[in-house]
Amino acid sequence: MRKIKFLLWGFLGILTFFWVIAVTWPEIFSLLSTRSVMINFTGVLGVGAMSFAMILALRPVWLESWLDGLDKSYRLHKWLGITALVMSVMHWLSGNAPKWATSLGLLERPERGPRPDESALPTLQQWFNTQRDTAEFIGEWTFYVIVLLIALALIKRFPYRLFTKTHTLLAAAYLAIVFHSVMLMEYNYWQQIVGVVSGLLMAAGTIAAALILMGRIGRNRKVAGTIEHIDLFPELSIMETSIRLDDGWRGHQGGQFAFVTFDSKEGAHPFTIGSGWTPKDPCINFITKGLGDYTNLMIENLKVGDKVTVEGPYGRFIFSDGKERQIWIGGGIGITPFIARMKQIAHKPEDQAIDLFHAIPFEDPKAIQKLTADAKTANVQLHILVDGRDDRLTGEQLRTEIPDWKEASVWFCGPAKFGESLKKDLIANGLKDRDFHQELFNMR
């Protein structure tokens, strides 16, 4: 989280600095005199944030190592989207509020000075000026579309299958905003670093938007497969699906995830991989729980022999920190990456001391039996915590049960607030921030 916060504020700070050294400040500050300043500032930051968000939407694997995984990249993408929304609203208000105030008699209409001689302007600037009315019209109506689409993306109750379709429309809206921004940006900015940086961001964002609209996200990481086996845990509303992959899978590490398309109408959903990888037996497992409109129906609709598409792998929740001592904590379906890691260790043993804490609402004998067998094979000490029988896991309890916890790294996957509570306690008592790893498995 610290890295993506640093990157977000650093990006906005640098863009603001470039704008500050380029802006022509008014001699007398007033609401009207600062109107154009605010319009330009919010425009630069708004299109910059949208451009960066558009680039991240391509799921660039090369950024994963630095951001600690695609889950963090998506969180940054979300924050950039919110930033773009806020800047867009401020941009819109900066342009319209003075007009409203004037029409209501709250402000005096400023006297217009003499118009500049258009013929004395550079040819390109003259052409830009001819496009102002069109650019303003496109920008205003695209703004309304963007507000609606981003609002839908932030509403959790909005169905995922519809979210993926409407969210793609943002790429088309972005292209309209690029036209608006290029035509209306202060012409002198193009000769300064703020214009160069903005231009590069919009160029990269335009390429990203085009790839999104052509459906090329993750195209080189997609592999076809066939459902080979389905194992149900009805009491837990969980199913384990085994898929035999065709040639082309790059292999994966325990803890990574993939986007799986079981139904082309539904589109791709992200699921954590629940198995290790052996090229001689190219099967991959996904453990899913009915938590939404689609996952609730998977148990009824999926069957052996169905064709699927798997895209990935993604994620950096891969336990590779070099620590000889690790503590794993899985809440509910958050146990999945740890199952995959244990299966990976079973194929290739490692000399690590590992304790796994798994919190569950109630005991399911079949699930507990499989988990216990995996833990035994991987030489992992398993701790099962059942609601109503055992106390809720706390930092104090963990520190009591694992005396050498300060020498360990902690890997958490489960409810976000639960993880934040544990992290806060452990860091307050001496754990280094870099030694607490938390999966932010939320793609919207």
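In what order do the five strands of the open sheet with parallel pairing stand? In this predicted model, the order is S9-S8-S7-S10-S11. Strands of a sheet pair through backbone hydrogen bonds, either parallel or antiparallel. Strand S9 (381-386) and strand S11 (436-438) stand at the edges and have a single partner strand each, so one side of each is left without a neighbour in the sheet. From one strand to the next, the twist averages 15 degrees.

Within this sheet, strand S7 (residues 325-331) pairs with strand S10 (residues 409-413) in the parallel sense, over five bridges, and glycine 330 stands opposite cysteine 413 in S10. Helix H10 (residues 336-347) packs on the sheet, where it touches S7, strand S8 (353-360) and S10, and its direction makes about 140 degrees with that of S7. Helix H11 (residues 365-377), in turn, lies across S8 and S9 and runs at about 155 degrees to S9.

There is also an open sheet of six strands, with antiparallel pairing and the order S4-S3-S6-S1-S2-S5. Its edge strands are strand S4 (269-272) and strand S5 (283-289), each of which pairs on one side only, and the twist averages 40 degrees from one strand to the next. Strand S3 (residues 257-261) is joined to S4 by four bridges, the two running antiparallel, and phenylalanine 257 stands opposite threonine 272 in S4.

We can now turn to the helices. Helix H4 (residues 70-103) and helix H6 (residues 132-154) pack at an angle of about 145 degrees, their axes being 10 Å apart, and their crossing is left-handed. Among the residues that make the contact are Leu85, Val89 and Trp92 of H4, together with Phe143, Tyr144 and Val147 of H6. Taken by kind, the residues of this contact divide into nine nonpolar, two polar and two charged.

Is tryptophan 19 buried or exposed? Its relative accessibility is 5%, and because buried means under 20%, tryptophan 19 counts as buried. Leaving aside residues up to four places away in sequence, tryptophan 19 touches Trp25, Val37, Asn40, Phe41, Val44, Tyr189 and Val194. Tryptophan 19 and tryptophan 190 are 171 residues apart in sequence and 11 Å apart in space, from C-alpha to C-alpha.

Side chains of opposite charge can pair when their charged atoms come close. The structure holds 19 salt bridges, and one of them is formed by the side chains of arginine 59 and glutamate 311, at 2.6 Å from N to O. This pair links distant parts of the chain, 252 residues apart, with arginine 59 in the loop between helix H2 (35-56) and helix H3 (64-67) and glutamate 311 in strand S6 (residues 307-314). Both arginine 59 and glutamate 311 are buried.

A salt bridge also joins the side chains of lysine 370 and aspartate 231 (3.5 Å, N to O), and this pair links helix H11, which holds lysine 370, to strand S1 (residues 222-233), which holds aspartate 231. Lysine 370 is partly exposed, with a relative accessible area of 33%, whereas aspartate 231, at 15% relative accessibility, counts as buried. Arginine 341 forms a salt bridge with glutamate 350, the closest N and O atoms being 3.0 Å apart; here arginine 341 is buried, with a relative accessible area of 4%, while glutamate 350 counts as partly exposed at 41% relative accessibility. Finally, salt bridges that share partners join Asp231, Glu240, Lys366 and Lys370 into one network.

Conventions
Residues are numbered from 1 along each chain as its sequence is written. This is a predicted model: local features need pLDDT of at least 70, side-chain atom pairs count only at pLDDT 80 or more; totals for chains, interfaces and linings use all residues. Side-chain values use heavy atoms; hydrogens and water are left out. Axes are lines fitted to C-alpha atoms, for helices over the stretch in contact, and angles run from 0 to 180 degrees between N-to-C directions. A crossing is left-handed if the near helix is turned anticlockwise from the far one by less than a right angle, and right-handed if clockwise. Contact means heavy atoms within 4.5 Å. Ala, Val, Leu, Ile, Met, Phe, Trp, Tyr, Cys and Pro count as nonpolar, Asp, Glu, Lys and Arg as charged, and the others, Gly among them, as polar. Two strands pair if DSSP finds at least two bridges between them. Buried means under 20% relative accessible area, exposed over 50%, partly exposed in between (1.4 Å probe, protein chains only). A salt bridge is a side-chain nitrogen of Lys or Arg within 4 Å of a carboxyl oxygen of Asp or Glu.
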